[in-house]
Amino acid sequence: MKTIVIHCSATPNGRNNTAADIHQWHLSRGWDGIGYHYVITVDGKLENGRPEYWMGSHAKGHNKDSIGICMIGTDVYSLEQWHILSNLLRKLVIENTGVKIIGHNEISDKTCPGFDVQYWLKNTFNK
Ligand SMILES: [Zn+2]
């Protein structure tokens, strides 16, 4: 894996949707089910989407060699979510040497995931 792309579900902040919900939404769009590999719920659960060995469908032009993580919400996240995200990234960085972490908004004109991933990495994650 070369890149980890962080996303949001673009659902109302604080509403506790799940990976199963996203799976249904993506199926109803005619996709092969959930396009993310991991989902982090508002109440702090790490849920599995696609297995990592299955190419994701979350970032146009970047799905090959990338892992997609989805934070439930739009731009406000719970402390539990930040905690789970940090732990997951630490694990993925160890398992995937040299992997780059980016926000979806760095490779598209979307606002997703609703925060500046590079700023967060520099000022929170790496401290
Ligand atoms: Zn996104």
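Contact is taken here as heavy atoms within 4.5 Å. The model is predicted: local features need pLDDT of at least 70, side-chain atom pairs count only at pLDDT 80 or more, and totals for chains, interfaces and linings use all residues. Residues are numbered from 1 along each chain as its sequence is written, and side-chain values use heavy atoms, with hydrogens and water left out.

Apart from residues up to four places away in sequence, Ile-101 touches Ile-4, Ile-6, Leu-89, Val-93, Val-117, Gln-118, Leu-121 and Phe-125. Ile-101 belongs to the largest nonpolar core, which has 22 residues. A nonpolar core is a set of buried Ala, Val, Leu, Ile, Met, Phe, Trp, Tyr and Cys residues joined through side-chain atoms within 4.5 Å. Buried denotes under 20% relative accessible area, exposed over 50%, and partly exposed in between, with a 1.4 Å probe and protein chains only. The residues with the most contacts inside this core are Ile-4, Ile-6, Ile-69, Leu-85, Leu-89 and Ile-101. At least two core residues come from each of β1 (3-8), β2 (38-40), β4 (66-71), α2 (79-95) and α3 (117-125); helices (H or I, at least four residues) and strands (E, at least two) are DSSP runs numbered from the N terminus. Helix α2 gives the most to the core, with 5 residues. A second, separate core of 8 residues includes Ala-19, Tyr-36, Val-39 and Ile-72.

Leaving aside neighbours within four places in sequence, Leu-85 is in contact with Ile-6, Ile-40, Ile-69, Met-71, Phe-115 and Trp-120.

The zinc ion has as protein donors His-7 (ND1), His-104 (ND1) and Cys-112 (SG), at 2.0 to 2.3 Å. Donors are N, O and S atoms within 2.8 Å of the metal (3.2 Å for Na, K and Ca); water is not among the atoms, so sites may look incomplete. The sequence spacing of the donor residues is H-x96-H-x7-C. The two histidines link distant parts of the chain, His-7 being in strand β1 and His-104, 97 residues apart from it, in the loop between β5 (100-103) and α3. Both His-7 and His-104 are buried, and Cys-112 also counts as buried because its relative accessibility is 8%.

A search of the whole structure for disulfides, defined as pairs of cysteine sulfur atoms within 2.5 Å, returned 0. For Cys-70, the closest cysteine sulfur is that of Cys-8 at 6.7 Å, which is too far for a bond. Cys-70 is itself buried, at 0% relative accessibility.

In helix α1 (residues 19-28), the buried residues include Ala-19, Ile-22 and His-26. These lie on the same side of α1 because they cover an arc of only 60 degrees around the axis, the arc being that of the directions from the helix axis to the C-beta atoms. The buried residues of α1 pack against β2, β3 (46-48) and β4. The face turned away from the buried side carries the exposed residues Ala-20 and Ser-28. Just after α1, Gly-30 takes a positive phi of about 85 degrees.

The whole structure contains 6 aromatic pairs. Rings of Phe, Tyr and Trp (its six-membered ring) pair if their centres lie within 6.5 Å; planes under 30 degrees apart count as stacked, over 60 as edge-to-face and the rest as tilted. Tyr-77 and Trp-82 form an edge-to-face pair, at 5.5 Å centre to centre and 85 degrees between the planes. Tyr-77 is buried, with a relative accessible area of 9%, whereas Trp-82 is partly exposed at 22%. The rings of Trp-82 and Trp-120 have centres 5.6 Å apart and planes at 35 degrees, so this pair is tilted. It joins helix α2, which holds Trp-82, to helix α3, which holds Trp-120, across 38 residues of sequence. Trp-120 counts as buried at 8% relative accessibility. Tyr-77, Trp-82, Phe-115, Trp-120 and Phe-125 form one aromatic cluster.
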